[in-house]
Amino acid sequence: MASAFSAAASAAPKNVIFFLGDGMGLTTMTAARIYAVGEDGDLTMDTLPETAFIKTYSNDAQVTDSAPSMSAYMTGVKMNNEVISMSPDTKASDAAGNAYLSGADSRCPADNGKPVRTLLEIAKAAGLATGVVTTTRVTHATPAASYAHICHRDAENDIAAQFVPGGKGYNVALQDGVDILMGGGRQFFTPASAKGKRTDDRDLVAELKARGYSIAANRAEFDALDAAKSTKFVGLFTASHMSYDLDRDPAKEPSLAEMTVKALQGLKKNSKGLFLMVEGGRIDHALHETTAKKALQDTVAFDDAIKAAITEVKKTDPELKNTLIVVTADHDHTLVLNGYARRTGKSTATNPGVLGLVKDVIGNKASLDAEGMPYTIIGFGNGENRAQGERKSFAALDDSTVFANTYHQEAAIRRNAGDETHGGTNVFLGAMGKGSERFFGVMDNTHVFKLIREAAGL
């Protein structure tokens, strides 16, 4: 038995790259494909040879939030909404419904659940290089689920402290520390006295430097990072989340693809292999806003990162004999494609494409609703832009209005601004490389953890 396991482990991939498109449901993927390459085109995600559908419900909710859904991938355990990589009995709030929080500081009771080991921690214990890359704050739910354990996701001061080797609150399961971390969220590493959010007056950036980490705070410092020489580096490019890709200034912030490549160049120096988690995190935020154009552009930027990673890995592993790549999402949203729209082709400066109005197949005229008014191809099940009264009492929509970068698509159910909800539909998973044949059919998100461990021999 032992010899069989050793043989399987030696044949398994040394490298695992886990891509997570936050909130990237199947409809969002479809819309992003049409937006970028037209109805008959393919994103990189579409070309992955192995595919599956993933159930996303959490331990206590039909519709999950990002904390337990990403934690399920990372630990193989179902947990309650708001909880990050803890046992199923962990509660995010007390019996009266009050969150175990004080601002960004945790009030989690000591007897409130136990940490559950993550894939990153398992990889670290096996001697692999480890990294986390995101466009959100690095302390946000998805990245945090790979390296931290907390009863409430919003305790981001504590999550940041769990990352810093040797400091108070450090997650000792990370041993000498995660090798590479890049994204936003500098405010939770900075004391309040320096315009940060930390209430303990610790300067975690200075502590990381003292521990041998190279630090990048802007594009110039990112470019100066020598991945061939640096063994550990952290990039914190913004105080909070990084910019939407549609708004990003390339002179100030690197793209998700650029961060992914830099991380791989640093991690692959480890002969035992690597574990890298990459999140396209702002897809989710744009969907909560119901600004579909931002969501689709961030989905394309996420897809660009996948393509760039495949290209980078193939420089040293051309047939992916030692590399497993998994691409998935943590949950759906309520974005829908309306009507019987004629094919639009990809979006351009002069063609709104899937972001435009529904046009009839015959005649290319705007389709009309029951009140005789035009409506958009993309809509939301709920969101902030719901006509208060009859739609015919408002100005008719036109393509220039609905193609604007900041246009909020209409919703069936009115919610507060930025408060569109997640959806509970299954999400896509694609895989390629060694061990990817394990991924097929419909499976629970907790089973993905098991399959990655098996494929990687961890």
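**Close-up 1. Helix 10 and the residue after it.** Threonine 290, with a positive phi near 60°, follows helix 10. Helices (H or I, at least four residues) and strands (E, at least two) are DSSP runs, numbered from the N terminus. This is a predicted model, in which local features need pLDDT of at least 70 and side-chain atom pairs count only at pLDDT 80 or more, while totals for chains, interfaces and linings use all residues. Residues are numbered from 1 along each chain as its sequence is written, and side-chain values use heavy atoms, with hydrogens and water left out. Helix 10 is mostly covered, with 7 of its 8 residues buried. Buried means under 20% relative accessible area, exposed over 50%, and partly exposed in between (1.4 Å probe, protein chains only). The buried residues in helix 10 are Arg282, Ile283, Asp284, His285, Ala286, Leu287 and His288.

Close-up 2. On a 1 Å grid over the protein atoms alone, a cavity is a set of points where a 1.4 Å probe fits but cannot get out; a pocket is an open set with protein on both sides within 12 Å along at least five of seven lines; lining residues have an atom within 4 Å of a point. Grid points are joined across faces, edges and corners, and a volume is the space filled by probe spheres set on the points. The count comes to 1 cavity of 30 Å³ or more. The largest cavity holds about 100 Å³ of space. It is lined by 18 residues, of which Thr135, Ser243, Asp245, Leu256 and Asp298 are the closest to its centre. Helix 9 (256-267), helix 10 (282-289) and helix 11 are the elements that give two or more residues to this lining. Helix 11 provides the largest share, 3 residues. By class, the lining of the largest cavity has 8 nonpolar, 5 polar and 5 charged residues. Here Ala, Val, Leu, Ile, Met, Phe, Trp, Tyr, Cys and Pro count as nonpolar, Asp, Glu, Lys and Arg as charged, and the others, Gly among them, as polar.

**Close-up 3. The largest pocket.** The space in the largest pocket is about 480 Å³. Of the 24 residues lining the largest pocket, Ser106, His149, Ile150, Asp158 and Gln162 lie nearest its centre. Two or more lining residues come from each of strand 4 (105-106) and helix 6. The largest share, 4 residues, belongs to helix 6. The lining of the largest pocket divides into 8 nonpolar, 9 polar and 7 charged residues.

**Close-up 4. Glutamate 156 in helix 6.** Glutamate 156 lies in helix 6 (residues 156-163). Glutamate 156 has a relative accessible area of 4% and is therefore buried. Apart from neighbours within four places in sequence, glutamate 156 is in contact (heavy atoms within 4.5 Å) with Ala104, Arg137, Thr139, His140 and Phe188.

**Close-up 5. Aromatic pairs.** Rings of Phe, Tyr and Trp (its six-membered ring) pair if their centres lie within 6.5 Å; planes under 30 degrees apart count as stacked, over 60 as edge-to-face and the rest as tilted. The count by this rule is 5 aromatic pairs. The ring centres of phenylalanine 19 and phenylalanine 302 are 6.0 Å apart and the planes are at 75°, so this pair is edge-to-face. The pair links distant parts of the chain, with phenylalanine 19 in strand 1 (residues 15-21) and phenylalanine 302 in helix 11 (residues 292-313), 283 residues apart. Phenylalanine 19 is buried, with a relative accessible area of 0%, and phenylalanine 302 is buried, also at 0%. Tyr147, Phe163 and Tyr213 are linked into a cluster by ring pairs.

**Close-up 6. Lysines over rings.** A charge sits over a ring if NZ of Lys or CZ of Arg is within 6 Å of the ring centre and within 35 degrees of the ring normal. Lysine 78 lies over the face of tyrosine 57, 3.6 Å from the ring centre. Lysine 293 has its charged end over the ring of phenylalanine 403, at 3.9 Å from the centre.

**Close-up 7. Loop residues with positive phi.** Glutamine 175, a residue other than glycine, has a positive phi near 55°. Glutamine 175 is placed in the loop between helix 6 and strand 6 (180-184), and is partly exposed, with a relative accessible area of 44%. Lysine 195 is not a glycine, but has a positive phi of about 70°. Lysine 195 lies in the loop between strand 6 and helix 7 (204-210), and is exposed at a relative accessible area of 82%.
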